[in-house]
Amino acid sequence: MASTNHYRQVILRLLAPVLLFSLIWAGSQEFPRAAVKNLTGQRVELHDTIKGKLTLVNFWATYCVPCRKEMKILNQLNTQYAPRGFQVVGVAIDNSKTVGRVSGLVRSQKLDYQVLLDTDQNLYRTFNTNAMPFSVLVNSEGEIIWEHTGYIPGDEVELEKILKTYLAPDSTHAD
Amino acid sequence: MSFTLPFTIKTKIVFLSLLFFTVGVFPFSWNGSLNSRLGEGDQLGVRYNYLENFLSLSANAGSLRLQLELAYNQPPEYGYSLIGLRQGLLTYQRNTFTVELGNLSQVFGSGISLNLFEERNIDFNNLPVGIKLDYEQSDRVWWTALVGRKAPFQFYSPSSNSRIPDAEADYWLGAVRGIFSSRNQNLQMTPYLVVSLLSSPIQEFSVDVTSEKIVIDTLMLDVAVSTTGLSTSFSRKNWDLMLDGAWTSKIFSQPHGEQYILVTSTSQGIFTKDMISGTSGYAFYGRFNRYFDAISLMLEYKNYKLGIESANEKTDHFHQATKPLPYQVGPTGLSQHDVSLLGAITHPVDYGDEAGFNLEIRWPLTFEWTVRGQVSVLSSSDDRSITAPITDRLQGRALPTFHANYAPFQEYLIELEYAGENFATREIIAFTQSTLSGLTNETAQYLTVVPAYLTFRLNDNWVLGLVSELQTASIKSMDQNEIEIGGFDFNSAHHIISADYGSNVSVAAIWDYTNDPTQVDEAGQPLDNWLSGEVSLRPTRDIQIRASYGAEKGGVRCTGGVCRVVNPFEGTRVTLEVRF
């Protein structure tokens, strides 16, 4: 019992300042680096794709019903706000058993935004979530500024408010 | 409650603290989540409680990333108790190199030869601990190599329903692949090699000379495995094709065969047959997609012969040597159903012996309306009614058959989906027929209708949902001449009514009904109704609490090609998810 207490004290004494130090030094959350593939199987470094634009990275799967509902809305937002420097990037986390359905679903939905494949889920797992759909909004410097889990009709209202906050003003139309 | 941290955990925590201290001088970011699950209730009259806590952390510092998952599961819902480090992965990515150290996930081609993944809700985890290297030699050539060990690998048969796995095995694994792309990236070829050393228990019967009783010994059998394969992809504007084929050879550390106990009025003895020192097998998967503007057509074909077994071997979970390896998990050929009643009859894939195809059409009629059709036909390639020894483990059909002795499975489904601005619904009709082959063939037919799967947005705050699934089933037992010798019919239903207030509050009531005579409780009384309610609260964006109370029906749960039978549960469940 004494040795157990001793170990606990050592760990607490080590961990507490380290965690405090880490919290002080921790910066804003940068979008992680991980290689994914495009629909033709080419390797894509997503970190390079999102730099320079306000990007919504949307994780989804073909068997996720709310994901399919959300896609239509995201496609509309991508079309509407692309001239102001916004883009949507869809990342399908279907594994090898269902990934064959991704291309067909993307075409049937007539999506105008880029869709990539994270078949190994290496990128998805860095966000420590099991939820779908799951979206993160990344600014032009590659920093995550907003995230959202799930989709219920009406969720897009909040997203649109945030987009208007971060995007350059529209010079042709009033909001 | 107090616990003692084992020495290895202390060492890991000290090491991690130093690591965090080191990376603390560099700019870094981190995120994490806490997932806690509590269940208190009964399964079939037996008290069944669980408490699981998962703390997941990710820290990024430039080219370095550390992911950890700590667990305090005592007791877990499935599997063994665990207090400490559950999984970890250290990744270093720099220009064209990526090195990973820890629990490795990886898929080669379609997954028929190597598919490392986890399905936590059914306690399936084949991730080895090891090291992986990715090297992008050029924009047309990419290499991957890994080596690791999984110990123990716990496996459950589809009928296993307790926390204790049927058996455990462990394996060393080494794999390498090269991805070669054409100049225009329309053609991709991926040759690969996977080698493994699997150790799994086997049971051997013998007769004790003194007592003349049957003695069962559990021994360890080592199996050296080598798999070579080639995956090829072609892409064009209006079609794409994927072909993946692999050959597997196994050598056993000692000859092993099937054993039968022969009992007469005066004596009993052991009869051993079909002694083999190794076996071979192959798997092939093909997928063709054709696009006509917005209409898409997908045709999948698979022929898995990674372990043709006799009827006796199939039910012997201690006979892993003749079965597909735990990491040989290819496409199922079926949709992953989100309709509860359809998911409950989803066919458990036999990676050792199955041939079949799946055809799917998706046709958007308008912006709001979409039609989807699906046809799936599968069967084993070997006659499962035959009890004679298998002399050729590569024999069998290339195409599926409807003959009852080959465990055929068929599913025909049509779905109409409407997605409007404030209203969405799906209507589904499906016919499913499956036969469990053996001495008595049991054929089950299901007609499933989903008249309502709708969401209705009332106003800016409220969304209502209604799911209604209905199913009628007919079970027939037949002899090997396909003459009916018994059977019964029953009906089932699954209904959910829900209401969501923004993203903050959600309530749902779930009702399951069946008059299936095989659904009985521990006293043999029929079970026919299950009613439960669920409340979900999201007080902030990063916190979600879900609580449910009532009776859940249970049944077959198939996720990602792996199936388990989940027992009916009655009681309370609470889940807390926090992201930070």
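Q: What makes strand 4 and strand 5 of chain A a pair?
A: In this predicted model, strand 4 (residues 86-92) and strand 5 (residues 114-117) of chain A are joined over four bridges, in the parallel sense. Pairing requires at least two bridges, so the two strands are called paired. Within this region, V91(A) stands opposite L116(A) in strand 5 of chain A.

Q: Which strands of the chain A sheet are its edge strands, and why are they called so?
A: The open sheet has seven strands in the order 2-1-5-4-3-6-7, with mixed pairing. Strand 2 (43-45) and strand 7 (144-149) of chain A each pair on one side only, and they are the edge strands. On average, neighbouring strands of this sheet are turned by 30 degrees against each other, direction ignored.

Q: What does helix 3 of chain A touch when it packs on the sheet?
A: Helix 3 (residues 65-81) of chain A touches strand 3 (54-60), strand 4 and strand 6 (134-138) of chain A. The direction of helix 3 makes about 155 degrees with that of strand 4 of chain A.

Q: Why is V102(A) called buried?
A: The relative accessible area of V102(A) is 1%. Buried means under 20%, so V102(A) qualifies as buried. V102(A) belongs to helix 4 (residues 102-109) of chain A. Apart from neighbours within four places in sequence, V102(A) is in contact with L39(A), W60(A), T62(A), A92(A), D94(A), V115(A) and L117(A).

Q: Why is the pair of W511(B) and Y513(B) called tilted?
A: A pair of aromatic rings is described by the distance of the centres and the angle of the planes. For W511(B) and Y513(B), the values are 6.5 Å centre to centre and 50 degrees between the planes. Planes under 30 degrees apart count as stacked and over 60 as edge-to-face, so 50 degrees makes this pair tilted.

Q: How do you know that W511(B) and Y513(B) are partly exposed?
A: W511(B) has a relative accessible area of 36%, and Y513(B) has one of 27%. Buried means under 20% and exposed means over 50%. Both values lie in between, so both residues are partly exposed.

Q: What makes R426(B) a residue whose charge sits over the ring of Y453(B)?
A: The charged end of R426(B) is 4.6 Å from the ring centre of Y453(B). The distance must be within 6 Å and the direction within 35 degrees of the ring normal.

Q: Why is Q185(B) called buried, and where is it found?
A: With a relative accessible area of 13%, Q185(B) falls under 20% and is therefore buried. Q185(B) is found in the loop between strand 12 (167-181) and strand 13 (187-207) of chain B. Phi of Q185(B) is near 65 degrees, a positive value in a residue other than glycine.

Conventions
Residues are numbered from 1 along each chain as its sequence is written. Chains are lettered from A and ligands numbered from 1 in the order in which they are written. This is a predicted model: local features need pLDDT of at least 70, side-chain atom pairs count only at pLDDT 80 or more; totals for chains, interfaces and linings use all residues. Side-chain values use heavy atoms; hydrogens and water are left out. Buried means under 20% relative accessible area, exposed over 50%, partly exposed in between (1.4 Å probe, protein chains only). Contact means heavy atoms within 4.5 Å. Axes are lines fitted to C-alpha atoms, for helices over the stretch in contact, and angles run from 0 to 180 degrees between N-to-C directions. Rings of Phe, Tyr and Trp (its six-membered ring) pair if their centres lie within 6.5 Å; planes under 30 degrees apart count as stacked, over 60 as edge-to-face and the rest as tilted.
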